[in-house]
Amino acid sequence: MAGMKIKEIRAFPIRDPIAGGVYVEHASLTTPRRPPWTKDAEVANPMSRYARYKALRGSWRPKLGGVGCLVTADDGSWGFGTSVLGTPVISIINDHIGPLLVDEPALATDRLWDMAMRFASVYSPSGLASYALSAIDLALWDLKGKVLGLPVYELAGGPVREAQTCYATGNDTDWHMELGFKATKLACPYGPADGLAALDKNEALVAKTRELIGKDVELMLDCWMAFDVEFAVRLAERLRPYGLRWIEDCLTPENIDAHAALRERLPWQSLATGEHWYTPYPFSHAANKRLADIFQPDINWVGGFTACQRIAHIAEGAGIDIMLHAGMNTAYGQHFSFATPNATWGEYFCGVAPGVPLEESPRFPGMAVPKDGKLVPSDAPGFGLGLSLDAIAEMAL
């Protein structure tokens with residue numbers, strides 16, 4: 001173990017086993033009661049103002065595919081990380097950052113993350129590079145856990161709770177209640193592109209959902225970068241009687257001034273954001289200005305486990321919670337949340353059809369799923385992905 005060095009970092013396209021917010025044709029053993037809401041549901045989004053792409057987010061989102069990253073040490077130990085956005089991210093890993101980390105200490109995760117961030121400075125560690133950093137960093141933590149014979153959550157300080165409380169995301173709310181979740185989040189169907197009627201239609205959906213779940217289940221609304229400040233304020237005022245725990249990602253992520261304006265105009269409403277912020281830097285600014293109450297980085301996009309740790313520390317100092325985007329849909333997010341005091345809830349995107357058990361959802365074999373709204377990650381070394389090198393080879397495209 002002493003002096004262990006990185007021998008190779010290699011990225012390649014994979015079949016993504018995680019639904020992750022996009023409808024995936026998935027053959028389950030159980031016959032579904034009906035198709036999942038994701039199959040053809042319209043969700044308000046940044047392209048809603050353009051009729052050609054309004055009806056379905058999948059019509060314009062990139063189809064670049066999953067990314068696998070295998071880090072191998074000089075003693076043969078290995079770790080596996082994943083991200084998305086295919087060829088560009090793979091090229092950043094294989095043609096730039098990966099080779100520069102060869103012969104570096106394999107277990108020095110903070111050092112390696114800092115080096116990778118600095119390597120990417122010539123084209124910015126944000127955006128596509130952040131996805132590449134995530135895959136590398138997650139593979140390094142997986143390697144580290146396997147070498148030391150510990151689950152990653154133990155390396156990160158150990159569990160801070162008996163089980164992770166999970167909330168369900170999606171518009172099959174009746175199914176979420178059957179599964180035992182005590183908090184659920186809706187995808188908002190209508191935005192400014194739908195005119196004044198959007199306020200009435202969104203309120204009708206929220207009112208119907210609140211009636212279904214009752215007053216003892218938390219309810220949130222995901223607005224997926226679709227709004228401007230004025231629409232977000234008007235909608236929040238309309239929804240005030242329904243007791244939303246938070247409204248999420250109302251605005252274009254880069255428009256920090258708009259986030260400040262929304263915070264000023266909605267001092268009473270909890271705001272969540274950060275899914276599309278990259279590296280810890282925007283979170284530092286947002287914490288300093290208290291632009292949001294809940295940070296939601298994606299561990300496979302923002303820069304990996306190390307980046308999320310830094311964001312959690314920034315947030316904790318400001319009294320802000322961190323709830324990873326789709327954090328319960330990956331073993332990476334499960335381990336991080338389980339070891340992080342201010343990661344009070346974990347998001348589980350329900351991609352399976354109603355009636356199909358969560359155990360039949362697309363996932364790595366070793367990954368836990370929520371039961372009655374609670375989850376305990378695998379205690380196998382590393383992230384407990386349940387993958388062999390042969391299985392990874394079969395996953396590769």
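Let's start with Lys144: setting aside neighbours within four places in sequence, Lys144 is in contact (heavy atoms within 4.5 Å) with Leu107, Thr109 and Leu155. This is a predicted model, where local features need pLDDT of at least 70, side-chain atom pairs count only at pLDDT 80 or more, and totals for chains, interfaces and linings use all residues. Residues are numbered from 1 along each chain as its sequence is written, and side-chain values use heavy atoms, with hydrogens and water left out.

**Lys144**
- You'll find Lys144 in helix H4 (residues 128–148); helices (H or I, at least four residues) and strands (E, at least two) are DSSP runs, numbered from the N terminus.
- Lys144 is buried but has no salt bridge, and the nearest side chain of opposite charge, Asp110, sits 6.3 Å away.
- Here buried means under 20% relative accessible area, exposed over 50%, and partly exposed in between (1.4 Å probe, protein chains only).
- For charge, Lys and Arg count as positive and Asp and Glu as negative, while His and the chain ends are not counted.
- A salt bridge is a side-chain nitrogen of Lys or Arg within 4 Å of a carboxyl oxygen of Asp or Glu.
- The Lys144 side chain does reach the backbone oxygen of Leu107, at 3.3 Å.

**Strand E11**
- Strand E11 (residues 345–349) is largely enclosed by the rest of the structure, because five of its five residues are buried.
- Trp345, Glu347 and Phe349 are on one side of E11, with Gly346 and Tyr348 on the other.
- Strand E4 (residues 164–169) pairs with E11 in the parallel sense over five bridges; pairing takes at least two bridges found by DSSP.
- Cys166 has Gly346 in E11 as its bridge partner.

**Cysteines**
- There are zero disulfides, a disulfide being a pair of cysteine sulfur atoms within 2.5 Å.
- The sulfur of Cys166 is 9.8 Å from the closest cysteine sulfur, in Cys350, so that's too far for a bond.
- Cys188 is in no disulfide either, with the nearest cysteine sulfur, that of Cys223, 5.0 Å away.

**Salt bridges**
- The structure holds 18 salt bridges.
- One of them joins Glu347 and Lys185 (2.9 Å, N to O).
- Glu347 is in E11 and Lys185 in strand E5 (residues 183–187), so this pair ties together parts 162 residues apart in sequence.
- Glu347 is buried at 3% relative accessibility, and Lys185 is buried at 0%.
- Arg33 forms a salt bridge with Glu178, the closest N and O atoms being 2.7 Å apart.

Note on methods: A polar contact is a pair of N or O atoms within 3.5 Å; within protein, one must be able to donate a hydrogen and the other to accept it, and residues adjacent in sequence count only if both atoms are side-chain atoms.
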